[in-house]
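Thank you for making time this morning. I would like to walk you through a structure and then take your questions.

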Amino acid sequence: MTVLLLITAGTIAGLAGALLGIGGGVLLVPALVLGLGIPLEEAVPASLMCVVASSCASAASYVDNRLSDIRLGMTLELATVMGAIAGGLVAAYIAPAMVAVVFGMFTLFVALQMLVLNRRAPEPMSVSNYAPMNYPLGVSGSFVAGGLSALLGVGGGPLKVPLMSYGMRVPFKVATATSNLMVGVTGAASVASYAWRGHLRLELVSPLVVGVLAGAYAGSRVMPRVPTAVLKKLFAGVLLVVASQMLWKGGEGLWPSLWK
Amino acid sequence: MAEPVEMTEAPLRMPLPAKSVTGTHAVVMPEVARVPAPRSLTLERPRVGRAAAGERWIARILRGGALISGGMFLASLGLEALPSSLTAHVTIDTLRKGAASMLLVTPVARLVVAGAMLGLRGEWRYTLYAAGVLGLLGLAVGAGLQG
């Protein structure tokens, strides 16, 4: 029963990850922690592994369809991996409740940013005829995204997609496809540091990865046909729900007297 | 492997006179005659440039890594349903470790191919970025081994 639940959670995370370029960790960590009662220290490396799986399955299709910007991805990847290593080094010294609060505030910020900026900034018309702008912002933001990836197990996608879409004026679909390509390397860098410390539980990872691969494959087939406005609303909606859940959980751990 | 050559049904421009007079009737010759390429010279697949071929390899690596590791994880789940034995336990453990390693290596292999592909096209900046990412990953793994 638990295996089936894990496969289902993985499928939903993989589908959302492929559609929105968030890797799936942003959904999987709260699902594992809040839904299945798995400790955050075990849920984060497991979800990072799923981020790598989601990236591989969906990016294959996006590269084939020329939706991923390989050059932009490689530029931002360097900064992201540096950030991921820095985040992995400090992860052992931070309390899980604190990580949950940071995660909640971070997702809330991104969701509000998506909802507010969505009306201001017009979307570039073509997914093939565009030029990324503002590289310093993209590189520094990718460093932060990499650090958050290691700390929170979210692959950095929730920051990188708005960063590319709004900060660098890249079409939203290209941003999600490129983010999907990048989160694999970020996730691999982060999960390696967890694996060496013995925090990776493969019996938990196995059903999750099977589900994630199926979901990501389906999501990568559907994404090019879904309107951009729908994807943006989905992105913001998912982040708002997750933000409220994680802020509650983190608050409960940090200030138990306030919750009782 | 030889790169396929593009042969299309391109319009053939011939230096023909605009008009030729036959008796009292003026016959206007078409300036451009559409001549199909011979069947033997027409390739069935569209042109695959070095860029597209590189991207195709990246997609193959990603898809292959995902499928193989997914298959191994699925097989380990199937073996879990069987009656417990030492052999089954060892096989499950080996399959899972192999699948996890394969999954972690796949994005790295993709990065190597992407760096090599862009280097071959003369875009060395991206090859340096790829080398930088790989170097940092190696550093992280090395530090993890020692720590």
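This is a predicted model: local features need pLDDT of at least 70, side-chain atom pairs count only at pLDDT 80 or more; totals for chains, interfaces and linings use all residues.

Let me start with the interface. The contact takes 39 residues from chain A and 39 residues from chain B, and between them the two chains bury about 3400 Å², with 78% of that area on carbon and sulfur atoms. On the side of chain A, the residues that lose the most area to chain B are A:Arg71, A:Met74 and A:Trp196, which together make up 19% of what that side buries.

How many residue pairs are in polar contact between chain A and chain B? The count is six, with both residues at pLDDT 80 or more. As for where the chain A side comes from, the elements that give two or more residues to it are helices H1 (2-20), H3 (40-64), H4 (70-91), H8 (172-196) and H9 (202-222) of chain A. Of these, H3(A) supplies the largest share, ten residues. Sorted by class, the side of chain A that touches chain B has 29 nonpolar, four polar and six charged residues.

Now to the charged pairs. Side chains of opposite charge can pair when their charged atoms come close. Over all chains the count comes to eight salt bridges, and four salt bridges are found across the interface of chain A and chain B. One of those joins the side chains of A:Arg66 and B:Glu55, at 2.5 Å from N to O. Another joins B:Arg63 to A:Asp64, where the closest N and O atoms are 3.4 Å apart; this pair crosses between chains, from helix H1 (residues 50-80) of chain B to helix H3 of chain A. B:Arg63 is partly exposed, with a relative accessible area of 27%, and A:Asp64 also counts as partly exposed, at 38% relative accessibility.

Within chain A, the side chains of A:Arg201 and A:Glu42 meet in a salt bridge of 2.5 Å, N to O. Because A:Arg201 lies in the loop between H8 and H9 of chain A while A:Glu42 lies in helix H3 of chain A, the pair ties together parts that are 159 residues apart in sequence. As to accessibility, A:Arg201 is partly exposed at 32%, A:Glu42 is partly exposed at 24%, and A:Glu203 is partly exposed at 43%.

Let me turn to H1(A). At 1.5 Å a residue, its 19 residues should span 27 Å, and the end C-alpha atoms are 27 Å apart, which agrees. Several residues of H1(A) are buried, among them A:Leu6, A:Ala9, A:Gly10, A:Ala13 and A:Gly17. Just after the helix, A:Gly21 takes a positive phi of about 75°.

Finally, chain B. There are three helices and four strands in chain B, and from the N terminus on they run β-β-β-β-α-α-α. Of the 147 residues in chain B, 27% are buried. Among contacts in chain B between residues at least 6 apart in sequence, 54% join residues at least 24 apart.

Methods:
Residues are numbered from 1 along each chain as its sequence is written. Chains are lettered from A and ligands numbered from 1 in the order in which they are written. Side-chain values use heavy atoms; hydrogens and water are left out. Contact means heavy atoms within 4.5 Å. Buried area is the accessible area (1.4 Å probe) that two parts lose on being put together, summed over both. A polar contact is a pair of N or O atoms within 3.5 Å; within protein, one must be able to donate a hydrogen and the other to accept it, and residues adjacent in sequence count only if both atoms are side-chain atoms. Ala, Val, Leu, Ile, Met, Phe, Trp, Tyr, Cys and Pro count as nonpolar, Asp, Glu, Lys and Arg as charged, and the others, Gly among them, as polar. The expected span of a helix is 1.5 Å times one less than its number of residues. Buried means under 20% relative accessible area, exposed over 50%, partly exposed in between (1.4 Å probe, protein chains only).
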